[in-house]
Amino acid sequence: MLQLGASFSARGHGVDLVLAIPGGPLASQVPPGVRVISFGASRTALALPALVRYLRRERPAALLSTLEHANLLALWAAALARTGVRVVLREANVLLPRGQIHGLRGAALRVLMQRFYGSASAVIAVSKSVEQSLAAGLGLSALKLRTIYNPVVTADLLQSASAPLDDPWFAPGAPPVMLGVGRLAPQKDFATLLRAFAELRALRPARLVILGEGDERASLEALAKSLGVVADVRLPGFDHNPFRYMSRAALFVLSSIYEGLPGALVQAMACGCRVISTDCPGGSREVLAGGSGILVSVRDAHAIAVASATLLDDAARGPARVQYRLDRFEERVTVDQYLDVLGVPSR
């Protein structure tokens with residue numbers, strides 16, 4: 001969303017980043033030209049009156065929202081404000097089947113999405129897999145849905161990838177590094193990645209770095225210790241520039257059990273890293289179409305270990321970096337598509 005804001009602004013459009021809840025790890029990265037409007041709410045739902053007032057006062061041409069709770073809030077605020085604003089929703093993950101929804105809140109959210117998403121001007125899915133899940137799970141018309149990939153490949157990304165990295169693990173001659181990036185959360189299934197690494201490490205020198213933060217830190221650290229690989233595993237936390245790691249790692253592994261569009265996978269490819277991904281519900285198969293990397297089954301540590309050994313052998317014989325066709329994820333392509341759906345002229 002920050003990249004979209006920067007791109008819209010660069011094309012001469014006024015952009016407000018409207019936040020229900022202030023702060024967060026990306027607060028310092030809001031691009032120049034984007035005005036931040038924070039309602040200071042403690043919960044998203046409590047920002048409804050403030051968003052109604054904002055729409056009546058500012059009368060924007062379009063309102064782009066992402067994440068389910070915020071999407072519902074945007075639809076309700078637009079209906080109450082009655083300014084005729086075009087509301088476009090963005091969905092970043094596949095819609096889980098009903099049998100996998102946990103708790104009363106999750107079930108209630110699904111009912112509300114089914115009831116109200118049809119009133120949006122359009123719903124953007126970040127991959128074909130997400131689009132298909134929305135059509136099946138919410139009954140949305142194909143006329144409402146549009147797949148637009150995220151603007152992942154940018155000039156800033158490529159520049160950031162060349163930034164210095166003062167880390168002996170990535171120094172010439174050091175053992176090869178496997179890299180994982182994402183929230184330390186069940187969706188990312190870093191536990192399987194740790195087990196795969198332990199299997200690989202039993203056969204050859206290697207190291208594993210997982211960038212990210214989350215509730216599973218303690219359990220992952222304990223698992224690394226129990227597997228006997230704690231000396232070769234690091235969890236440095238969230239890093240604003242993971243690209244400098246991607247451009248130096250021997251291989252990147254996406255171990256998720258589901259995704260929407262796996263941005264970290266695309267970013268690693270843009271940095272020239274060899275990649276492995278689970279064939280999870282979401283966009284992984286779309287990203288790796290044409291044999292760009294290795295797909296493995298979800299929760300299959302042995303398959304990840306075998307694929308890792310294959311790619312490490314390939315890296316030892318071939319070039320350190322790999323070139324991929326990533327045109328569909330380039331900023332210039334995806335931003336034009338967003339502006340089209342938002343009903344705003346591309347300048």
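Helices (H or I, at least four residues) and strands (E, at least two) are taken here as DSSP runs, numbered from the N terminus. The axes discussed below are lines fitted to C-alpha atoms, for helices over the stretch in contact, and the angles run from 0 to 180 degrees between N-to-C directions. The structure is a predicted model, in which local features need pLDDT of at least 70 and side-chain atom pairs count only at pLDDT 80 or more, while totals for chains, interfaces and linings use all residues. Residues are numbered from 1 along each chain as its sequence is written, and side-chain values use heavy atoms, with hydrogens and water left out.

Helix H7 (residues 190-201) takes part in two helix pairs described here, with H8 and with H12. The axes of H7 and helix H8 (residues 217-226) come within 10 Å and cross at roughly 15°. H7 and H8 are therefore roughly parallel to each other, given that angles under 35 degrees count as roughly parallel, over 145 as roughly antiparallel, 65 to 115 as roughly perpendicular and the rest as oblique. The crossing of H7 and H8 is right-handed; a crossing has this hand if the near helix is turned clockwise from the far one by less than a right angle, and is left-handed if the turn is anticlockwise. In this pair, Phe190, Ala191, Leu194 and Arg195 of H7 meet Leu220, Leu223 and Ala224 of H8, where contact means heavy atoms within 4.5 Å. The residues of this contact comprise six nonpolar, no polar and one charged, with Ala, Val, Leu, Ile, Met, Phe, Trp, Tyr, Cys and Pro counted as nonpolar, Asp, Glu, Lys and Arg as charged, and the others, Gly among them, as polar.

With helix H12 (residues 301-317), the axis of H7 comes within 8 Å and the two cross at roughly 55°, and H7 and H12 are therefore oblique to each other. Their crossing is right-handed. Thr192, Leu193, Arg195, Ala196, Glu199 and Leu200 of H7 make this contact with Ala301, His302, Ile304, Ala305, Ser308, Ala309 and Leu312 of H12, a set with eight nonpolar, three polar and two charged residues.

Another pair is formed by helix H3 (residues 68-81) and helix H4 (residues 103-116), whose axes come within 11 Å and cross at roughly 40°. H3 and H4 are therefore oblique to each other, and their crossing is left-handed. Glu68, His69, Leu72, Leu75 and Trp76 in H3 meet Arg105, Leu109, Leu112, Met113 and Phe116 in H4, and by class these residues are seven nonpolar, one polar and two charged.

Spaces in the model were examined on a 1 Å grid over the protein atoms alone, where a cavity is a set of points where a 1.4 Å probe fits but cannot get out, a pocket is an open set with protein on both sides within 12 Å along at least five of seven lines, and lining residues have an atom within 4 Å of a point. Grid points are joined across faces, edges and corners, and a volume is the space filled by probe spheres set on the points. The structure holds one cavity of 30 Å³ or more, and the largest cavity has a volume of about 30 Å³. Its lining consists of Val181, Lys188, Phe190, Phe252, Val253, Leu254, Ser255 and Ser256, with the largest share, three residues, coming from strand E10 (residues 251-254). The second largest pocket, with a volume of about 310 Å³, is lined by 18 residues, of which Ala174, Pro176, Arg248, Ala249 and Ala250 lie nearest its centre.

Ile257 is found in the loop between E10 and helix H10 (263-270). Ile257 and Val298 lie 41 residues apart in sequence but 5.8 Å apart in space, C-alpha to C-alpha.
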